[in-house]
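Good morning, and thank you for coming.

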Amino acid sequence: MFSGPMEDRLAIRELHETYGDGVVRFDKETWGSVWADDADWDFMGMELKGRDAIVDVWLGAMANFDAVSFQCIPASIEVDGDKATSRCQTQEVLKGKDGSTRMLGGLYTDELERRDGQWVYTKRAFQVIAEYNPPAE
């Protein structure tokens with residue numbers, strides 16, 4: 001579940017934390033910095049290709065919220081040279097612009113690469129595991 005050099009595992013953990021910090025602060029630059037230019041993101045069944053498209057969709061989704069609390073708990077980080085895989089469990093509290101409040105428990109499944117000395121997501125998939133107070137359809 002956790003393998004490879006400790007220094008790389010720490011750098012990947014910090015990448016996850018940078019992602020979360022970008023979410024909480026609604027910071028496009030921070031959040032976008034964790035993705036490879038050619039990354040893929042499976043966001044609850046929506047297949048996105050490339051950092052620009054990924055950031056655009058994220059900005060649209062975040063526009064629905066006044067505040068987001070986001071925590072990420074690494075469940076697995078496996079490093080093999082300049083490639084790695086990981087899984088992260090998430091806990092989110094979402095305060096909607098419409099006054100709603102949602103809580104999510106989610107799971108990210110990741111593929112990462114070290115590029116130009118930095119770890120980035122090359123493929124990331126997110127699924128909701130549990131949700132309290134989901135939006136009305």
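**The core and its aromatic residues**

The largest nonpolar core has 31 residues, and those with the most contacts inside it are Y19, V23, W31, W35 and W41. A nonpolar core here is a set of buried Ala, Val, Leu, Ile, Met, Phe, Trp, Tyr and Cys residues joined through side-chain atoms within 4.5 Å. Buried means under 20% relative accessible area, exposed means over 50%, and partly exposed lies in between, with a 1.4 Å probe and protein chains only. The elements giving two or more residues to this core are α1, β2, α3 (51-62), β4 (65-80), β5 (83-96), β6 (101-115) and β7. Helices (H or I, at least four residues) and strands (E, at least two) are DSSP runs, numbered from the N terminus. In soluble globular proteins, nonpolar side chains tend to be buried together.

Before I continue, a word on the source. This is a predicted model, in which local features need pLDDT of at least 70 and side-chain atom pairs count only at pLDDT 80 or more, while totals for chains, interfaces and linings use all residues. Residues are numbered from 1 along each chain as its sequence is written, and side-chain values use heavy atoms, with hydrogens and water left out.

Let us turn to the rings. How many aromatic pairs does a search of the whole structure find? The search finds 14. Rings of Phe, Tyr and Trp (its six-membered ring) pair if their centres lie within 6.5 Å; planes under 30 degrees apart count as stacked, over 60 as edge-to-face and the rest as tilted. One of the pairs is formed by Y19 and W31, which is tilted, with 5.3 Å from centre to centre and 50° between the planes. Y19 lies in helix α1 (residues 6-24) and W31 in helix α2 (residues 28-32), so this pair ties together parts that are 12 residues apart in sequence. Y19 and W31 are both buried.

A further pair is that of F43 and F126: the ring centres are 6.3 Å apart and the planes are at 25°, so the pair is stacked. This pair links distant parts of the chain, since F43 is in strand β2 (residues 35-43) and F126 is in strand β7 (residues 118-132), 83 residues apart. F43 and F126 are buried as well.

Which residues form one aromatic cluster? They are Y19, W31, W35, W41, F43, W58, F70, Y108, Y121 and F126.

Leaving aside residues up to four places away in sequence, Y19 touches W31, V34, W35, W41, F70, Y108, Y121 and R124; contact means heavy atoms within 4.5 Å. The charged end of R124 sits over the ring of Y19, 4.4 Å from its centre. The charged end of R124 also sits over the ring of Y121, 4.0 Å from that ring's centre. A charge sits over a ring if NZ of Lys or CZ of Arg is within 6 Å of the ring centre and within 35 degrees of the ring normal.

**Two threonines**

T30 is found in helix α2 and is buried, with a relative accessible area of 17%. Not counting residues up to four places away in sequence, T30 touches T18, D21, G22 and R25. The C-alpha atoms of T30 and G20 are separated by 9.3 Å, and these residues are 10 apart along the chain.

T90 is found in strand β5. Is T90 buried or exposed? At 3% relative accessibility, T90 counts as buried. Its contacts, with the same exclusion of residues up to four places away, include F70, L104, Y108 and F126.

**Two residues with positive phi**

M44 is in the loop between β2 and β3 (46-49). Phi of M44 is near 55°, a positive value in a residue other than glycine, and M44 is partly exposed at 48% relative accessibility. N133, in the segment after β7, has a positive phi of about 65° although it is not a glycine. N133 is partly exposed, with a relative accessible area of 40%.

**The whole chain**

Finally, the overall picture. The protein has 3 helices and 7 strands, and along the sequence they follow the pattern β-α-α-β-β-α-β-β-β-β. Of the 137 residues, 39% count as buried. The C-alpha trace spans about 45 × 30 × 25 Å along its principal axes. Among contacts between residues at least 6 apart in sequence, 54% join residues at least 24 apart.
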